[in-house]
Amino acid sequence: MPPKNKTKTKTKTKSKNTGVDQRLVKALAHPLRVEILSILNERMASPNELSKELDEGLSQVSYHVKVLKDFECIEMVKTEPRRGAVEHYYRATSRAYLNDSDWKKLPESIKPGMSAAFVKLLIDDVIGALNGGTFDKRDDRHVSWTPGVVDEQGWDESVELVNDTLAKIIKIHTGSAKRLAKSGEEGIPVSAVLMNFEGPPPEAKPAARGSAKKGAKKAKARKAAKKA
């Protein structure tokens, strides 16, 4: 009997250690929660501030903030009186990302929505930096796109490198946060984007470019029609 109990305990522990964090998975299952959690990873904010920044209804934002809090992905850090009411401020306790091992365990039904939400966050961030003049502010900033062809070993090595790089970036952010807390300096907003995905097949690219050209021609035709 004792050996049997010991085996059960070991199996349960292994499952717990290797399984994906279901709280984070459920939290990221809605695109608005992805956006909220990403903002709260950078700074603390109230539902009212989030509502204005995301251009979403306050009741909807408040609901998703509550969901994130229930999943223990965010925590309340302070309250402030506002016009006879109390405004609650939150910050993230979990980062809005999943590694490749976690991603493999996700249900196929929620992967497209989560990918789309992350890409939207990236696009919004880049557009904001371009409009705000910060994207090209530093000469030592890095932007690159490196397509290529690899075998299975090359794919595995690329995934491992991206994961290692992410871990180092998080370590840098943590160290910076500690130093900034001591110095009282404002700090430099920074965005680091890491992607390693299977690119589209060659036959898909001309179709995409063709669609873009068609769209541009249609827009030009509509503009000419309005002038006429």
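Biologist: In what order do the elements of the protein run from the N terminus on?

Modeller: They run α-α-α-α-α-β-β-α-α-α-α. The protein has nine helices and two strands. Both kinds are DSSP runs, numbered from the N terminus: helices are H or I with at least four residues, strands are E with at least two. This is a predicted model, where local features need pLDDT of at least 70, side-chain atom pairs count only at pLDDT 80 or more, and totals for chains, interfaces and linings use all residues. Residues are numbered from 1 along each chain as its sequence is written, and side-chain values use heavy atoms, with hydrogens and water left out.

Biologist: What makes helix α1 stand out in confidence?

Modeller: Its score does. pLDDT is the predictor's confidence in each residue, from 0 to 100. Helix α1 (residues 2-18) has the lowest confidence, at a mean of 37, while helix α5 (residues 58-70) has the highest, at 94. Residues 1-19 lie below 50, and this stretch has two contacts beyond near neighbours in sequence. A contact means heavy atoms within 4.5 Å. Residues 208-212 also fall below 50, with zero such contacts. The protein as a whole averages 78, and 77% of the residues score at least 70.

Biologist: How many residues does the largest nonpolar core have, and what makes it a core?

Modeller: It has 24 residues. Buried means under 20% relative accessible area, taken with a 1.4 Å probe on protein chains only. Among the residues with the most contacts inside the core are Ile-36, Leu-37, Leu-40 and Val-65. The elements giving two or more residues include α3 (31-42), β2 (85-92) and α7 (111-132). α3 gives the most, with six.

Biologist: Which residues does Leu-40 contact, leaving aside neighbours within four places in sequence?

Modeller: They are Ala-45, Leu-50, Ile-74, Tyr-90, Arg-91 and Ala-92.

Biologist: Why are α3 and α7 called oblique to each other?

Modeller: Their angle is about 45 degrees, with axes 9 Å apart. Axes are lines fitted to C-alpha atoms over the stretch in contact, and angles run from 0 to 180 degrees between N-to-C directions. Under 35 degrees counts as roughly parallel, over 145 as roughly antiparallel, 65 to 115 as roughly perpendicular and the rest as oblique. The pair is therefore oblique.

Biologist: Which residues of α3 and α7 meet?

Modeller: Pro-31, Val-34, Glu-35 and Ser-38 in α3 meet Ala-117, Phe-118, Lys-120, Leu-121 and Asp-124 in α7.

Methods. A nonpolar core is a set of buried Ala, Val, Leu, Ile, Met, Phe, Trp, Tyr and Cys residues joined through side-chain atoms within 4.5 Å. Buried means under 20% relative accessible area, exposed over 50%, partly exposed in between (1.4 Å probe, protein chains only).
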